[in-house]
Each structure stands twice: as structure tokens, then as C-alpha cells.
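Visitor: Please show me the model, and let us then go through the terms used to describe it.

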Amino acid sequence: IGSDGMGHLESNEINTCCPACVEIFKGGHPILKSNRISNTRGYGIFAHTEGKGVVEGNEMHHCKEAAVKVVTGANPTLRHNRMVDGGSQGVVVADRGQGMFEGNEILNNVGAGVQVQTDGHPTMRANRIGASASVGVSVSQGGKGLFEENTVVNCGDVAIDVTDADSAPMFRKNKIHSNEKTGVSCRNEAR
């Protein structure tokens, strides 16, 4: 959905797609509501090149890559979605990607629940992140973002991992507990 296209996708089953089941780009601003996106060979939703849109109440599971990837100035709003059982990360925000993520469940992914890097700058509010084999939230390579009132639990590694001095996320009023290793790790002069 691109070139300022809008579209309304509701209560669909979308699966077995590559590189993404839904691609939002070049100012596309769709509404995706109550869809099931599954068994992708790539991303569930791939927002890039100034893509926007409202993604609400969807279930994304068994995505080979991230359930949601937001890059190159894309700024979608995702509320009350379930992003679970992925073969990689739950959410990736990178390369100046933004996005508002609110009230989502990002659980049981092989990679990080949320990975922010290379000037990614999401707002993550009131999400449940965890039950992953890896890190709950990973911020690296100049990643930023506001993480507020999230619950980060049951991660197989560190709950929150900030890995370099160029990264500058803000964590406020989060609940971090029941993780296998350290709750919060800031390494290599990370702030």
C-alpha cells in the first residue's frame, strides 16, 4: 500500500508471503484491523519510505523475520496487536524509522522482542514484551526511543540491553522482572 494510498483491510487471513504480507510505503496510510497475519517467509508488516497507517487488533505469528519492521522514516501507529512466536525479532525499528506502539503483546520470539538501531526512534507505551529466548529490548548502533510503562518479563537473556554510547533511549515507569539474567544492561559507554 503506497504512493499515498489508503485502503482498509479488516478481518482477513494473510499468510505465506515474501518479503512481507503487508508493505506500507511512500506515504501509504492504510487501516489494518483484526487481521491474522501468519507463516510469512519474511516480515508480517514492513513499513518503509515514509509509510504510515493504523494497525490495530491484529494477530501476527510465525513470521520468519520480524513481525513488524519500521525503517526509512516510516511512522505507523500500532495498538493492541499480538506479535508472537516469531523466528526472529518481534519488532525492528531502524534507519530513522519511528512509530507509536501502544498496548501490544510482543511475546515468545526467537530474537529480541524489540530491536532498535541506526537512528530508529519509536515510542513504546504499555506493551507486554518478553517470553523470548533472547533479549526483551535491544537498543544499539545509535538507536533511540521512548519506552514508557511497558512490562518486560520472562526473557532468556537480559531484559533491556543498551550496547553503545551512540544509543540514547529513555526508559520511564517500566516493570522489569522474572528474567533469566540482568534486568538492565548498559555497556560500552551506553547512556
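Visitor: What is the accessible surface of the chain, and how much of it belongs to carbon and sulfur atoms?
Guide: The accessible surface comes to about 8,200 Å², with 46% belonging to carbon and sulfur atoms; areas come from the Shrake-Rupley method with a 1.4 Å probe, and for residues only the protein chains shown count as cover. This is a predicted model, in which local features need pLDDT of at least 70, side-chain atom pairs count only at pLDDT 80 or more, and totals for chains, interfaces and linings use all residues. Residues are numbered from 1 along each chain as its sequence is written, and side-chain values use heavy atoms, leaving out hydrogens and water.

Visitor: What makes the radius of gyration agree with that of a compact globule?
Guide: The rule, taken over C-alpha atoms, is 2.2 Å times the number of residues to the power 0.38. For 191 residues a compact globule would have a value near 16 Å, and the chain has 15 Å, so the two agree.

Visitor: Why is the pair of phenylalanine 147 and phenylalanine 171 called stacked?
Guide: Rings of Phe, Tyr and Trp (its six-membered ring) pair if their centres lie within 6.5 Å; planes under 30 degrees apart count as stacked, over 60 as edge-to-face and the rest as tilted. Here the centres are 4.7 Å apart and the planes stand at 20°, so the pair is stacked.

Visitor: Why does phenylalanine 147 count as buried?
Guide: Buried means under 20% relative accessible area, exposed over 50%, and partly exposed in between (1.4 Å probe, protein chains only). Phenylalanine 147 has 1%, so it counts as buried, whereas phenylalanine 171, at 27%, is partly exposed.
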